[in-house]
Amino acid sequence: MSILESFLSTILDLCQTSGFAGFLDDGGWKNIIMILISFVFMYLAIAKGFEPLLLLPISFGMLLTNLPGADMYHAEFWEYSEVSDSLDPNAVGEVNSHYLNYGYILRHGGLLDILYLGVKLQIYPPLIFLGIGAMTDFGPLIANPKSFLLGAAAQGGIFFTFIGAAVLGMSAAECASIAIIGGADGPTAIYVSSQLLSSTDDIGVGTIALAAYTYMALVPIIQPPIMKALTTKKERSVVMGQLRTVSKTEKILFPILVTLVIALMIPSAAPLVGMLMFGNLLKESGCCDRIAKTAQNELMNIITIFLGISVGATTTADNIITLAFGKVILLGVIAFALATAFGVLLGKLMYLLSGKKINPLIGSAGVSAVPMAARVSQKVGQEENPTNYLLMHAMGPNVAGVIGSAVAAGVLLSIVQIG
């Protein structure tokens with residue numbers, strides 16, 4: 001063979017094994033669509049500021065996993081819900097034909113397979129909650145304990161959607177994974193879906209995460225019409241009195257007591273609630289500033305990167321371009337809309353029972369999108385009354401919603417596992 005023929009043969013081999021050739025295979029058009037969708041989400045994150053800290057890593061993970069031939073993520077490695085007792089990285093045959101073998105994944109998986117272990121093993125979401133706890137001030141909630149009721153009411157959207165999805169014939173795991181989107185809490189949605197969903201379900205963790213973070217980003221668009229439709233101008237104009245000052249002792253005791261009560265009542269909620277409250281105790285104790293700052297910044301940032309890009313890796317074309325994804329998007333927005341509505345409706349009831357001293361708009365902040373939902377309550381309230389400052393009052397239901405979504409996750413896990 002001449003040098004020219006050898007050169008041309010090499011070029012041909014390179015072309016045939018390149019990612020470009022992969023687009024020409026059956027189903028390659030789906031990869032192209034997913035890459036274009038990833039560009040749209042990158043645009044929304046960068047240009048529009050829609051949850052950029054997680055939407056940008058998720059969208060880039062979506063890009064990487066849909067590049068033909070990159071071999072960074074292998075969906076087939078994660079097809080089995082049962083875990084093998086063997087961690088032999090060379091185990092083949094019977095073990096890998098029927099079980100999820102973490103040792104095999106560590107040996108043969110790509111970069112995103114390795115990072116996704118943190119999702120599958122439920123490591124990333126609780127650590128995210130640790131960081132959230134270290135950044136959260138529960139003072140408004142402690143000052144106004146009635147805010148707990150508003151946070152609880154907003155979780156009603158989760159359970160109504162769970163029932164609705166069951167009526168549509170979905171599996172219990174799918175019902176729970178879709179319903180938790182109503183809490184507007186991405187890490188919680190990932191935590192629940194990663195524990196419950198398996199290869200036998202029509203939807204995946206990436207699908208749930210994508211829907212959850214999409215609706216979190218759209219809080220300023222989705223919530224105001226619902227809030228205005230359910231309240232009157234007079235109700236939206238109510239000016240609430242100043243909250244009392246919360247003592248340091250109360251702030252220290254709060255995370256300890258909440259952990260004890262919730263973990264004993266709903267043990268399956270302990271990982272999320274426990275880490276949330278541990279982070280808050282680090283912050284409020286005053287004696288662990290260095291650790292608290294690490295949880296707020298370095299640790300939170302690292303886990304956010306790993307969580308986002310590995311969850312994005314699960315959004316393969318075969319998982320997203322399906323009828324099931326359409327159901328997730330539709331039921332997800334219903335769950336979120338119901339959560340907002342239930343919070344506002346309880347706010348209206350409290351408005352009446354309090355002698356018209358409580359602005360029902362703060363009920364919409366009962367979802368877990370902190371502090372975006374509280375800011376929306378403030379914005380809608382000021383549109384009616386420019387002198388109205390609802391932000392701190394809305395932060396009570398908002399942080400209650402964080403606790404509520406974690407509790408709802410524990411309840412859903414218990415329901416599905418018992419069932």
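Is Gly157 buried or exposed, and what is its relative accessible area? Gly157 is buried, with a relative accessible area of 0%. Buried means under 20% relative accessible area, exposed means over 50%, and partly exposed lies in between (1.4 Å probe, protein chains only).

1. Basis. This is a predicted model, in which local features need pLDDT of at least 70 and side-chain atom pairs count only at pLDDT 80 or more, while totals for chains, interfaces and linings use all residues. Residues are numbered from 1 along each chain as its sequence is written, and side-chain values use heavy atoms, with hydrogens and water left out.

2. Overall make-up. The protein has 24 helices and zero strands. Helices (H or I, at least four residues) and strands (E, at least two) are DSSP runs, numbered from the N terminus. Of the 419 residues, 52% are buried. The accessible surface is about 18,700 Å², and carbon and sulfur atoms hold 67% of it. Such areas come from the Shrake-Rupley method with a 1.4 Å probe; for residues, only the protein chains shown count as cover. Take the contacts between residues at least 6 apart in sequence: 75% of them join residues at least 24 apart. Contact means heavy atoms within 4.5 Å.

3. Gly157. This residue sits in helix H11. Setting aside neighbours within four places in sequence, Gly157 is in contact with Ala335, Leu338, Ala339 and Phe342.

4. H11 against H22. The axes of H11 and helix H22 (residues 323–353) come within 7 Å and cross at roughly 140°. Axes are lines fitted to C-alpha atoms, for helices over the stretch in contact, and angles run from 0 to 180 degrees between N-to-C directions. The crossing is right-handed. A crossing is right-handed if the near helix is turned clockwise from the far one by less than a right angle, and left-handed if anticlockwise. On the H11 side are Gly156, Gly157, Phe160, Thr161 and Ala165; they meet Leu331, Ile334, Ala335, Leu338, Ala339 and Phe342 of H22. By class, this contact has eight nonpolar, three polar and no charged residues. Ala, Val, Leu, Ile, Met, Phe, Trp, Tyr, Cys and Pro count as nonpolar, Asp, Glu, Lys and Arg as charged, and the others, Gly among them, as polar.

5. H11 against H12. Helix H11 (residues 156–167) also packs on helix H12 (residues 172–179), at about 145° and with axes 8 Å apart. The residues involved are Ile158, Thr161, Phe162, Ala165 and Ala166 of H11, with Ala172, Cys175, Ala176, Ile178 and Ala179 of H12. Nine are nonpolar, one is polar and none is charged. H11 passes H12 in a right-handed crossing.

6. H4. Helix H4 (residues 52–65) has 14 residues and reaches 19 Å between its end C-alpha atoms, close to the 20 Å expected. The expected span is 1.5 Å times one less than the number of residues. H4 is mostly covered, with 10 of its 14 residues buried. Its cover includes helices H3 (28–46), H7 (111–120), H14 (205–217) and H20 (298–313).

7. H20. The 16 residues of H20 should span 22 Å, and its end C-alpha atoms are 23 Å apart, which agrees. Its buried residues include Met300, Ile303 and Thr304. They pack against H4, H7, H14 and others, including helix H8 (124–135).

8. Gln378. This residue lies in helix H23 (residues 372–384). Gln378 is buried, at 13% relative accessible area. Beyond residues up to four places away in sequence, Gln378 touches Asn388, Tyr389, Leu390 and Leu391.
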